[in-house]
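Trainee: Could we go through this model together, starting with its pockets?

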Amino acid sequence: MCWTKYLGQRIAGELREADLSQLSSTSLARVLHFHPQSTTLIREVSVSFKGLQILIAIFYRLETNMRVISTLSYTFLLLLNYAVPIWGADLMLQVPAGREECFFEHVDFNRTLYIDYSVVSSNQGELDINFQLSDTQRRPIISEFRKTESRHELPIMMAGIYKACFDNTFSHFSHKTVAFHMSVDSDDDTNWKDYDDNFQPDVQVYDVQVNDIKSIIERVRVSLNKVQSTQDQVRLTELKDRGIAESNFERVNFWSMLYMLILIFVGGMQVLLLRSMFDEKSTIRKYMAKFKR
Amino acid sequence: MILKDLAWVVVLLVTLSFSTVTSLYFHIAETERKCFIEEIPDDTTVIGIYKVELFDPRTNGFMPSSPGIGMHVEVRDPDDKTVLSKVYSSEGRFTFTSHTPGEHVICLHSNSTKWFAGSQLRVHLDIQVGEHAVDYANVAQKEKLTELQLRVRQLLDQVEQISKEQNYQRYREERFRQTSESTNQRVLWWSLIQTAVLLLMGYWQMRHLKSFFEAKKLV
């Protein structure tokens, strides 16, 4: 129980100062090391935080009033272990020029396959890639030509192995970095299964409250998941933008340098040529004469 | 009591051995190397669970278990320092914790010593980052948590991960802005320098040609 005590101590100060119901959402945010400036995220989470505060407060009081220790049933553990295999993956990899990278996923009948991908960087040229998804018979279901990003949601009518390919064979020099996510029933929160029947009731007397708290936690979880997925999206966009900014930086340097060198070269050449036109002994003139012949 | 604990361990072991790796897989040649990039904040745990199957020409399929085939896992941090470099068996899991935020490259290749790509390998891979990498079944068992306690713990871990990610985002945004500002500065300075060079060049050309023509007695 040490961690709850720890948490309790962390917010004990807050609790002492204010009534539970008056606890402001920012105070917990502060405790949880949220930067106060990050208002957008806070705003999104604050609704859920309200619930979490109350929950933690009640929880802390339960903790101190009585020992709520109950052993876990073995069935729960069994179930939890089967919950470990996770559907889907968030991967990012480089697809070299002229190559094709394929991934396979087994999908059961009556499930939904979620795929999204985004080309986040490329050492030169456009941010695009060909994408193809083939079904169990290797027939293409989705074919996309030179797209930067895309998102699909497919109801699966045929169980089997689906193949997703990122094809960069059309480019000769540019390596593309692709971030993609492929999952089956992605709204299925795998780390958060319904264990209701497998736990011993926390405290019989507080049954109603416990159920309340459970539903609050559930809501917090849903919001946090949303926050995380938004964060992931923002991260990818940011990654892409940073790539563009960095290539702009290099482009500006390279081309400016080149222009300056051309400027100096042309300037020098102009003078030399002009001189050679009026100079009998000029070497360039001799060369030019030779060239004419 | 001890018996009970033993039973726990047995149940845990049995169930663990049944749990399978993810259904996502890809193919690599025996000598090929496959790399994945994970962009993560610092102090974040990453777990990779993998399974390798060797192509069997006799059955025209993949052998579910392939003894002798090992997997070399190499992880490099953003400064290109090796975080992890180890040979594992054909099935297993690797874990590492990031110390510097940024792009970590995870490379997998088989420990085959052949010179030419012989047969094909099928690799099942699942990479879990942050609080997804925590095995809460284990946590609940070790600390004897009730459902509520476990839930709150999960939420706390998740919030912590979000705030870590946000800190990292702030850091990246700062670098992003620095690059943009530097580009902006350079555009300005380059154009000023180019103008200056152009003017100097023109001036030098005039002077030089004037003195040249005078020397040649053309003017």
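Trainee: What volume does the second largest pocket have?
Mentor: About 1,000 Å³, as the space filled by probe spheres set on grid points joined across faces, edges and corners. A pocket is an open set of points on a 1 Å grid over the protein atoms alone, where a 1.4 Å probe fits, with protein on both sides within 12 Å along at least five of seven lines. The model is predicted, so local features need pLDDT of at least 70 and side-chain atom pairs 80 or more, while totals for chains, interfaces and linings use all residues. Side-chain values use heavy atoms, without hydrogens or water; residues are numbered from 1 along each chain, and chains are lettered from A in the order written.

Trainee: Which residues are closest to its centre?
Mentor: Ser121(A), Ser122(A), Thr177(A), Gly243(A) and Glu246(A), of 42 lining residues (an atom within 4 Å of a point).

Trainee: Which element gives the most to that lining?
Mentor: α5(A), with 11 residues; a helix is a DSSP run of H or I, at least four residues, numbered from the N terminus.

Trainee: Changing topic, how do α2(B) and α3(B) meet?
Mentor: Tyr136(B), Val139(B), Ala140(B) and Glu143(B) of α2(B) contact Leu150(B), Arg153(B), Gln154(B) and Asp157(B) of α3(B), with heavy atoms within 4.5 Å.

Terms used:
Helix = DSSP H or I, 4+ residues; strand = E, 2+ residues; numbered from the N terminus.
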